[in-house]
Amino acid sequence: MASSSTAPSSAPMGLGLALGLGAMGGLGLRLPADRDLDPELEPCSPPRPVLRLRGAVQHYEWGGRGDASLVARLAGEAADGRPCAELWMGTHPAAPSSLASEDDDEVSLRDWLARSPAALLGRAVAARWGGDLPFLFKVLSVAQPLSIQAHPDRDLARALHALRPATYRDANHKPEMAVAVTEFRALCGFVTIQELKDVLRTVPEVRMLVSKEDAAKLMTAKEHDGGIGVRSYLQSAFTKLMATSKEGVSEAISKLKSRLDGESKTRSFTEKEQLILSLEQKYPGDVGVLSAFFFNYVKLSPGEALYIGANEPHAYLSGECVECMATSDNVIRAGLTPKYKDVQTLCSMLTYKQMFPEILRGVSVQPYVTRYTPPFDEFEVDRYLLPQGESVTMSPVPGPSIFLVMTGEGEIQADGMSGEGKAKEGDVFFVPPRTEVKLHASGPGRLQLYRAGVNSRFFC
């Protein structure tokens, strides 16, 4: 870090806006005055406080309801009755988090960080990402399948936002990673050429919607020839499938169901066939039902993770997960949804890579702490699983972090806190840069927390 040309102030931390942290056990945390947030005072300025946040719940129809929804339980909305699909923790303007205050006036995390981004995000983070939090942290409760979708790269995001800002609400890319909390199922990426040949050979209802020319090219392609040629054949075939008329899709699905009904008397269905039939029940007549044959069927066990880069097709099917991504809400959909479908854009943007996605199982960075590191600078995720009576310390890092208490009870202690504070299920904390955090599990069961932060490799 460059040395400051201004002498550090010896003035005490200003009181600023008081935070009422009720369940935090009276920590007495307060927001420092603006002068204390001057980045030129680093590193000798007073410690920045750890702040409690309120996340924002998204009530999408595919979400779980009541106690069956992890999102509802964490947000205290289990008795609400509405579907609780996502809990957002971050600064995206569509659903920004706010500081948990007893005052009537809520302060959004976005506005709070804007007061002095270099101090509250770290100089490197503020310089790289324009003074905003570079990641969006979420919890998802998936009760029914989400849409067949992909997220744009930066160039496409800028173009789409400029062209249709009401649909594509920001100009950022959206790489993302999901860490399974329960058994989690998804479609992700295109199957290998050999699996695709099996589909064309054994599923006539799909083959009839793909041109004979494209089908012939794919059937004669070699596994080791998975380059531009095979990708162009796949793109042509997939685009023809997705562009099929509603009448053509309905006819193909009807024939598929009739054929499988007859074959059920002599054989068991494959996992993919079972999935296709379940998708058809939820989205009858939707082309996404047939397109699922083209995608890898992924099952994650708790603690396993999946990352998804730009322009890669995917759809979450069921389960609950912690998700982290670049700060964006751009989604391009093409099936399994009543929402707006942009089939032409999706088919033209995909990479058409054919491989099973990498499953991350995390790396132990210290006892009770597992880190998931995707190939994106914006974020990483740590999972903390502390048995009763155990403690762990997160050493100071150069960037900001958001902590979520998933289950259990404990205490949290950090620079800027006056003593220890209670941490319980659903608590969310913003931790400024260069802050050491100590966690202790004191409840009857394990204390399970998740931390999202800027990817450590960014600071190397």
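Let's start with what covers the buried residues of helix 11: the list includes strand 8 (184–190), helix 10 (246–263), helix 12 (287–291), strand 9 (295–300) and strand 11 (314–326). A quick word on terms. Helices (H or I, at least four residues) and strands (E, at least two) are DSSP runs, numbered from the N terminus. Buried means under 20% relative accessible area, exposed means over 50%, and partly exposed is in between, with a 1.4 Å probe and protein chains only. Contact, or touching, means heavy atoms within 4.5 Å.

Before going on, please keep in mind that this is a predicted model, where local features need pLDDT of at least 70 and side-chain atom pairs count only at pLDDT 80 or more, while totals for chains, interfaces and linings use all residues. Residues are numbered from 1 along each chain as its sequence is written, and side-chain values use heavy atoms, leaving out hydrogens and water.

Back to helix 11. Which of its residues are buried? They are Lys272, Glu273, Leu275, Ile276, Leu279 and Glu280. These residues cover an arc of only 160 degrees around the axis, which puts them on the same side of helix 11. The arc is that of the directions from the helix axis to the C-beta atoms.

Now the whole protein. It has 13 helices and 23 strands, and of its 460 residues, 54% count as buried. Among contacts with a separation of 6 or more, 76% are between residues 24 or more positions apart.

Next, the cores. A nonpolar core is a set of buried Ala, Val, Leu, Ile, Met, Phe, Trp, Tyr and Cys residues joined through side-chain atoms within 4.5 Å. The largest has 50 residues, and Leu187, Phe238, Leu290 and Phe294 touch the most other members. Helix 9 (residues 228–242) gives this core its largest share, six residues. A second, separate core has 42 residues, including Ala72, Leu99, Val125 and Val322. Ala72 sits in helix 1 (residues 70–75) and is buried, with a relative accessible area of 0%.

Let's zoom in on histidine 151. Where is it? Histidine 151 is in the loop between strand 6 (148–150) and helix 5 (154–163). Is histidine 151 buried or exposed? It is buried, at a relative accessible area of 0%. Its side chain makes a polar contact with the side chain of glutamate 176 at 3.1 Å, and also reaches the backbone oxygen of asparagine 330 at 2.9 Å. A polar contact is a pair of N or O atoms within 3.5 Å; within protein, one must be able to donate a hydrogen and the other to accept it, and residues adjacent in sequence count only if both atoms are side-chain atoms.

Finally, two tyrosines. Both have a positive phi in a residue other than glycine: near 60 degrees for tyrosine 352 and near 75 degrees for tyrosine 368. Tyrosine 352 is in the loop between helix 13 (343–349) and strand 13 (359–360), and counts as buried at 1% relative accessibility. Tyrosine 368 is in the loop between strand 14 (363–366) and strand 15 (369–372), and counts as partly exposed at 32%.
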